[in-house]
Amino acid sequence: MADAVMSEEQKFSLKEVLDTFQSCLTENKEVKIDQYVAGWRGLVRFMNSLGSVFSFISKDAVSKIQIMVNHRNGENGAQYTTIQSMVKYELDNGLVDLTKRGSFPESGCRTLLRLHRALRWLELFLERLRTSTEDGKTSVMCSEAYNESLAQFHPWIIRKASGVAFCALPGRPTFFEVMNVGPPEQVVAMLGDALPLISEVYQLTQDLYSQHNLLDIP
Ligand SMILES: CCCCCCCCCCCCC/C=C/[C@@H](O)[C@H](COP(=O)(O)O)NC(=O)CCCCCCCCCCCCCCC
């Protein structure tokens, strides 16, 4: 049993997680929610392995993941197969608070928007990691990516706490090791493969939300 657990742990590689995002896309460029959520789950697992300073971040991510899973497992789960079908279903049925917080604090559209904004952070951070030099500082890459994306949606106290957490990030060599992908050149190559697909998932969602004026759901 212990061995089985060990080998599961050892198998954990960030490549598999990023592959999950790749598997989100359907032939007609819709984004599948199960895979999207599975991608986030893998990222949270990775983040947890970096230390408990990140637990306030992972707690929030886990609760949002759970909301999406509940929608999928609910009575109308089939409507939540893709982000596209979810948006249509929730808008057609008036299930989203569009201008102020009200009856639907856990709408799929609202919850996914939070993860979507975080996906932009991920894209920016991974791009910085990919192009960084050996002595690059992950904390700087992370906070720059954060300031260009999520920070604008967070109040001061969260920005402050995030800044503190970023300082606890391990250096680039350790970070690459924990990713468990192989030597640094291989990590860089893997990121080069994964990033265009993450960008595509991000862009498709961004365009959909923008078409339906959903980018500011409170
Ligand atoms: C590995 C470094 C980890 C750095 C993570 C950077 C993201 C920082 C996000 C800080 C969020 C703080 C927690 C609170 C958030 C909420 O206030 C806020 C708004 O929610 P509300 O409208 O329901 O109130 N929530 C959010 O914006 C959603 C945040 C979701 C964060 C998910 C972060 C997962 C990070 C996964 C890291 C994986 C790194 C892999 C890189 C190789």
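Biologist: Why is Lys64 called buried?

Modeller: Lys64 belongs to helix α4, which covers residues 55-73, where helices are DSSP runs of H or I with at least four residues, strands are runs of E with at least two, and both are numbered from the N terminus. Its relative accessible area is 13%, and the class "buried" needs a value under 20%, with exposed meaning over 50% and partly exposed in between (1.4 Å probe, protein chains only), so Lys64 is buried. The model is a predicted one, in which local features need pLDDT of at least 70 and side-chain atom pairs count only at pLDDT 80 or more, while totals for chains, interfaces and linings use all residues. Residues are numbered from 1 along each chain as its sequence is written, and side-chain values use heavy atoms, with hydrogens and water left out.

Biologist: Which residues is Lys64 in contact with, leaving aside its neighbours within four places in sequence?

Modeller: Contact asks for heavy atoms within 4.5 Å, and on that basis Lys64 is in contact with Thr111, Arg114 and Leu115, once neighbours within four places in sequence are set aside.

Biologist: What makes Phe176 buried, and which contacts does Phe176 have beyond four places in sequence?

Modeller: Phe176, which sits in helix α9 (residues 172-179), has a relative accessible area of 3% and is therefore buried. Beyond its neighbours within four places, Phe176 is in contact with Leu129, Pro184, Val187 and Val188. Leu129 is 47 residues away from Phe176 along the chain, and the C-alpha atoms of the two are separated by 9.2 Å.

Biologist: Which residues touch the most other members of the largest nonpolar core?

Modeller: A nonpolar core is a set of buried Ala, Val, Leu, Ile, Met, Phe, Trp, Tyr and Cys residues joined through side-chain atoms within 4.5 Å. The largest one has 65 residues, and Tyr36, Ile83, Met86, Met179 and Tyr209 touch the most other members. Helix α6 (residues 108-131) supplies the largest share of this core, twelve residues. As for Met86, its contacts, not counting residues up to four places away in sequence, include Ile33, Met68, Leu112 and Tyr209.

Biologist: How do you know that Glu200 and Lys29 form a salt bridge?

Modeller: The definition requires a side-chain nitrogen of Lys or Arg within 4 Å of a carboxyl oxygen of Asp or Glu, and the closest N and O atoms of Glu200 and Lys29 are 2.8 Å apart. The pair links distant parts of the chain, with Glu200 in helix α10 (residues 184-211) and Lys29 in the loop between α2 (14-22) and α3 (33-48), 171 residues apart. Glu200 is partly exposed at a relative accessible area of 26%, and Lys29 also counts as partly exposed, at 41%. A search of the whole structure finds nine salt bridges.
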